[in-house]
Amino acid sequence: TERLFGYTRQELLGQPVEVLIPASLRHRHSSMRAGYIGNPHTRPMGSGLELVACRKDGTEFPVEVSLSPIQTERGLLVTSIVRDVTERKKADEQRVALIREQAARAEAEAAERRFRELVQDLDAIVWELDCVSGNLTFISDRAEQLLGYCTGPWLVERDRWLEHVAEADRAAVLAFLHKVGDAGPRNLEYRAVTADG
């Protein structure tokens, strides 16, 4: 108790138990304690109550508390066991945050899969380009069907896809990509070169 709360034994003996409760909760705790004394019963550790204790220096921390009433010659006594659950709470919060992060990632991946499945059925070439790196990140299967060659290398070799843009149109394509995000037109017509030329 001394280590957990920072008081010496002499400082605590004779004090109401509310000295170990945050000031904002002391009045409520007093009435709860009176209700418990009117109906004493064993309350095991981890009974689902969100409880907070307060150290001598004023810091608050989450706790679990068990209560066991004992009838003695001096009357009713209550044995209380207090456990600091700060580390467990932190671990629980980290676990919840990790679960949320994994769920968000799974949801994003599912949305990406749905998008790619949808565009594969379009009678058009759909591609996605990272405008910062200049790398293609997705090309629909229709590209290979319409152009007549494997587009796999486009995903790993930067600007490889530009070799298949008609030479006369390359400068316009690059200028268009540099202005993505600026105000202005979002459409560009250019020619692609098929495998047979």
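Guide: Contact here means heavy atoms within 4.5 Å. The model is a predicted one, in which local features need pLDDT of at least 70 and side-chain atom pairs count only at pLDDT 80 or more, while totals for chains, interfaces and linings use all residues. Residues are numbered from 1 along each chain as its sequence is written, and side-chain values use heavy atoms, with hydrogens and water left out.

Visitor: Which residues does Ser66 touch, not counting residues up to four places away in sequence?

Guide: Ser66 belongs to strand β2; helices (H or I, at least four residues) and strands (E, at least two) are DSSP runs, numbered from the N terminus. Ser66 counts as buried because its relative accessibility is 9%, where buried means under 20% relative accessible area, exposed over 50% and partly exposed in between (1.4 Å probe, protein chains only). With residues up to four places away in sequence set aside, the residues touched by Ser66 are Arg43, Pro44, Met45, Thr79, Ser80 and Ile81.

Visitor: In what sense do β2 and β3 pair, and over how many bridges?

Guide: Two strands pair if DSSP finds at least two bridges between them. β2 and β3 form a hairpin with two residues between them, and Ser68 stands opposite Thr79 in β3. The pairing of β2 and β3 is antiparallel, over 10 bridges.

Visitor: Which residue takes a positive phi in the hairpin of β1 and β2?

Guide: β1 and β2 pair in the antiparallel sense over four bridges, and Val52 has Pro62 in β2 as its bridge partner. Five residues lie between the strands of this hairpin, and the one with a positive phi, near 95°, is Gly58.

Visitor: What is the volume of the largest pocket?

Guide: Rolling a probe the size of a water molecule over the atoms shows where empty space is left. On a 1 Å grid over the protein atoms alone, a cavity is a set of points where a 1.4 Å probe fits but cannot get out, whereas a pocket is an open set with protein on both sides within 12 Å along at least five of seven lines; lining residues have an atom within 4 Å of a point. Grid points are joined across faces, edges and corners, and a volume is the space filled by probe spheres set on the points. For the largest pocket the volume is about 1,400 Å³.

Visitor: Of the residues that line the largest pocket, which are the closest to its centre?

Guide: Elements that each supply at least two residues of this lining include α3 (26-38), β2 (60-72) and β3 (75-84). The lining residues divide into 24 nonpolar, six polar and eight charged, with Ala, Val, Leu, Ile, Met, Phe, Trp, Tyr, Cys and Pro counted as nonpolar, Asp, Glu, Lys and Arg as charged, and the others, Gly among them, as polar. Of the 38 lining residues, the closest to the centre are Val17, Leu20, His29, Leu67 and Ser80.

Visitor: Why are Glu87 and Lys90 separated by about one helical turn?

Guide: The side chains of Glu87 and Lys90 meet in a salt bridge (3.7 Å, N to O), defined as a side-chain nitrogen of Lys or Arg within 4 Å of a carboxyl oxygen of Asp or Glu. Glu87 is exposed, with a relative accessible area of 56%, whereas Lys90 is partly exposed at 43%. The separation is about one helical turn because Glu87 and Lys90 are three residues apart in helix α4 (residues 86-120).

Visitor: Glu157 forms a salt bridge with Arg160; how far apart are the closest N and O atoms?

Guide: Glu157 is partly exposed, with a relative accessible area of 38%, and Arg160 is partly exposed at 25%. In the salt bridge between Glu157 and Arg160, the closest N and O atoms are apart by 2.9 Å.

Visitor: How many salt bridges does a search of the whole structure find?

Guide: Among the residues involved, Glu64, Arg83 and Arg88 are linked in a network of salt bridges. Arg95 also forms a salt bridge with Asp92, and both residues lie in helix α4. For the whole structure, the number of salt bridges found is 13.
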